[in-house]
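Here's a quick briefing to read alongside the structure. Have the sequence and the 3D view open as you go.

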Amino acid sequence: MREAAFILFVLFLLFGLTALRYRKQIAGILALGRTLKEMKENARSDHPAEQINDQASRELRSCAGCGTWIDTSAAIKFDRNTFYCSKECVQRSMASA
Ligand SMILES: [Zn+2]
């Protein structure tokens, strides 16, 4: 009976050491599984209508202050055709005008 307990102890020890040795790989596999699950959930929640709206707002304009190309959704709209990349550019062009 003592031998059985010893064998179990050794097996437990070996399992523990293996888990310790490969903990990075195990964590990696778990993270990969989680990422795949998240990707699947994201793919399911992607509505085509949202994508179209998203693309419409992804129009590039050049900043009237410094000429940098910026996304209109991130730009500061001054008037219909004037966009600025930052407040600094607005202030700079106000000062020079
Ligand atoms: Zn600018």
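What follows is a short walk through the fold, the metal site and a few side chains.

Keep in mind that this is a predicted model. The protein chain has four helices and four strands, and a zinc ion sits among four cysteines.

**Overall layout**

- Reading from the N terminus, the elements of the protein chain go α-α-α-β-β-β-β-α.
- Take the contacts in the protein chain between residues at least 6 apart in sequence: 4% of them join residues at least 24 apart.

**The zinc site**

- Which atoms hold the zinc ion? The donors are the SG atoms of Cys-63, Cys-66, Cys-85 and Cys-89, at 2.2 to 2.3 Å.
- The geometry comes out as tetrahedral, because the angles between the four donor atoms around the zinc ion run from 107 to 111°, and the cut-off asks for all angles to lie between 85 and 135 degrees.
- Along the sequence, the donor residues of the zinc ion follow the spacing C-x2-C-x18-C-x3-C.
- Cys-63 and Cys-85 link distant parts of the chain, 22 residues apart. Cys-63 lies in the loop between strand S1 (60-62) and strand S2 (69-71), while Cys-85 lies in the loop between strand S4 (82-84) and helix H4 (87-96).
- Are these two cysteines buried or exposed? Cys-63 has a relative accessible area of 3%, so it counts as buried. Cys-85 comes in at 27%, so it counts as partly exposed.

- Searching the whole structure turns up one aromatic pair. The partners are Phe-78 and Tyr-84, with ring centres 5.8 Å apart and planes at 85°, so they meet edge-to-face.
- Tyr-84 is buried, at 6% relative accessible area, whereas Phe-78 is partly exposed, at 46%.
- Thr-82 belongs to strand S4. Its relative accessible area is 19%, so Thr-82 is buried, given that the cut-off is under 20%.
- What does the side chain of Thr-82 make a polar contact with? The partner is the side chain of Asp-79, at 2.9 Å.
- Setting aside neighbours within four places in sequence, Thr-82 is in contact with Ala-64, Ile-76 and Lys-77.

**Helix H1**

- Helix H1 covers residues 2-21, and its length checks out: at 1.5 Å a residue, its 20 residues should span 28 Å, and the end C-alpha atoms are 28 Å apart.
- Thr-18 is found in helix H1. With 40% relative accessibility, Thr-18 counts as partly exposed.
- The side chain of Thr-18 reaches back to the backbone oxygen of Leu-14, at 2.6 Å.
- As background to that contact, an α-helix has 3.6 residues a turn, so residues three or four places apart point the same way.

Key. Residues numbered from 1 in each chain as written. Predicted model: local features only at pLDDT ≥ 70, side-chain atom pairs only at ≥ 80, totals over all residues. Heavy atoms only, no water. Donors = N, O, S within 2.8 Å, 3.2 Å for Na, K, Ca; no water. Tetrahedral: all angles 85-135°; square planar, octahedral: opposite > 155°, others 65-115°. Helix = DSSP H or I, 4+ residues; strand = E, 2+ residues; numbered from the N terminus. Buried < 20%, exposed > 50% of the residue type's maximum accessible area, 1.4 Å probe, protein only. Expected span 1.5 Å × (residues − 1). Phe/Tyr/Trp six-rings, centres within 6.5 Å; stacked < 30°, edge-to-face > 60°. Polar contact = N/O pair within 3.5 Å; in protein donor to acceptor, adjacent residues only side chain to side chain. Contact = heavy atoms within 4.5 Å.
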